[in-house]
Amino acid sequence: MTRQIPIRLFGAFRQGRTDSTLTVEVAPNASVAELRKAMHEVLETDNARSLLKASAFATDSEVLDDADAVPEREISILPPVCGG
Amino acid sequence: MILVDITDSVLDPLIALGHCCADSHGAADLFIGRVRNLNEGRPVTAVSYDLHPVLCRNIFEKISQEALEQWGEHIHVFLAHRQGRLDVGEASVIAAVSSPHRAHSFEACRYLVEQMKVRAPIWKQEHYVDGDSEWIKGHVLRNPA
């Protein structure tokens, strides 16, 4: 049994894509580190896989650590930031 | 007193200064970040700002609350960022702080801007004169240790 996790994409992760989410499959009690590994498997380009290494997963309220369990709430992948 | 905003609309510095105002405040500091026409030698025509609106607002509120904790609950704080495509010269961010004396306004306003740069989920894609576009490399988001 697995969980389908839709991940919202931002910034450079949207490059060349028409959709703004990517769905990956993980085990029911997966950690964020396992989610990262699963996302790595489904990304299509070396650039995107490289960007993933420097990116953070987050909910609407907090940035997640790799040791955290994947929450039930909506998940986003956040590439390095540069506001202003 | 804190006011933060994420908006598609033109940023108005008068709204920031209207919020950062009190009879006991002898100082108000205003920062406006604008799209510039050159980056690393490449002529820029516009910048598209992508952001995570809910998380960005939460981070803005956290940063603002930290400013109050550091410089006093009596200061007034304003932090707003625009999203979407902006032409050269348009304001992308406004930060403002008012306080009884100038030192706290200067320091707190700078704190808002510097923290926003490294903690807020905001990304920019520059558009160049030659028609090319590029996402700008930024700061890796990590939770504090």
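1. Arg82(B) is buried, its relative accessible area being 9%. In this predicted model, the residue takes part in a salt bridge with Glu90(B), in which the closest N and O atoms are 2.8 Å apart. Glu90(B) counts as partly exposed, at 22% relative accessibility.

2. Strand S5 of chain B, residues 76-82, is mostly covered, with seven of its seven residues buried. His76(B), Phe78(B), Ala80(B) and Arg82(B) point one way from S5(B), while Val77(B), Leu79(B) and His81(B) point the other way. In a regular strand, side chains alternate between the two faces of the sheet.

3. The pairing of S5(B) involves strands S1(B) and S7(B). Strand S1 of chain B (residues 2-7) runs parallel to S5(B) and is joined to it by six bridges; within this pairing, Ile6(B) has His81(B) as its bridge partner. S5(B) and S7(B) run antiparallel and are likewise joined by six bridges, and here the bridge partner of His76(B) is Ser98(B).

4. Chain A contains an open sheet of four strands in the order S2-S1-S4-S3, with mixed pairing. Its edge strands are S2 (21-26) and S3 (56-58) of chain A, each of which pairs on one side only. On average, and with direction ignored, neighbouring strands of this sheet are turned by 35° against each other. Strand S1 of chain A (residues 3-9) is antiparallel to S2(A), and six bridges join the two.

5. The interface between the two chains may be described next. Contacts link 31 residues of chain B with 26 residues of chain A. The two chains bury about 2,200 Å² between them, and 56% of this area is on carbon and sulfur atoms. Across the interface, 15 residue pairs are in polar contact, both residues being at pLDDT 80 or more. On the side of chain B that touches chain A, the elements giving two or more residues are S4, helix H2 (53-71), strand S7 (91-99), helix H3 (102-119) and strand S8 (122-128) of chain B. H2(B) provides the largest share of that side, five residues.

6. Which residues form the salt bridge between chain B and chain A? The count between these chains is one salt bridge, and the side chains that meet in it are those of Asp50(B) and Arg14(A), at 3.0 Å from N to O. Asp50(B) is found in strand S4 of chain B, residues 42-51, and is buried, with a relative accessible area of 11%. Apart from neighbours within four places in sequence, Asp50(B) is in contact with Phe10(A), Gly11(A) and Arg14(A), and with Pro121(B), Ile122(B), Trp123(B) and Trp135(B).

7. Over all chains, a search of the whole structure finds 15 salt bridges. Among them is the pair Asp130(B) and Arg42(B), whose closest N and O atoms are 3.3 Å apart. Asp130(B) lies in the loop between S8 and strand S9 (133-135) of chain B and Arg42(B) in strand S4 of chain B, so this pair ties together parts 88 residues apart in sequence. Asp130(B) counts as exposed at 57% relative accessibility, whereas Arg42(B) is partly exposed, with a relative accessible area of 25%.

8. A salt bridge within one helix is also found. Arg110(B) and Glu114(B) form a salt bridge with closest N and O atoms 3.3 Å apart; both lie in helix H3 of chain B, four residues or about one turn of the helix from each other. Arg110(B) is exposed, at a relative accessible area of 57%, and Glu114(B) counts as partly exposed at 37%. Elsewhere, salt bridges that share partners join Arg42(B), Asp130(B), Asp132(B) and Glu134(B) into one network.

9. Glu40(B), in the loop between strand S3 (38-39) and S4 of chain B, has a positive phi of about 50° although it is not a glycine; its relative accessible area is 77%. Lys53(A), in helix H2 of chain A (residues 46-53), is exposed at 64%. Not counting residues up to four places away in sequence, Lys53(A) touches Arg36(A) and Arg142(B).

Terms used. Residues numbered from 1 in each chain as written. Chains lettered and ligands numbered in written order. Predicted model: local features only at pLDDT ≥ 70, side-chain atom pairs only at ≥ 80, totals over all residues. Heavy atoms only, no water. Buried < 20%, exposed > 50% of the residue type's maximum accessible area, 1.4 Å probe, protein only. Contact = heavy atoms within 4.5 Å. Pairing = 2+ DSSP bridges. Axes fitted to C-alpha atoms, helices over the stretch in contact; angles between N-to-C directions. Buried area = accessible area lost by both parts, 1.4 Å probe. Salt bridge = Lys/Arg side-chain N within 4 Å of Asp/Glu carboxyl O. Polar contact = N/O pair within 3.5 Å; in protein donor to acceptor, adjacent residues only side chain to side chain.
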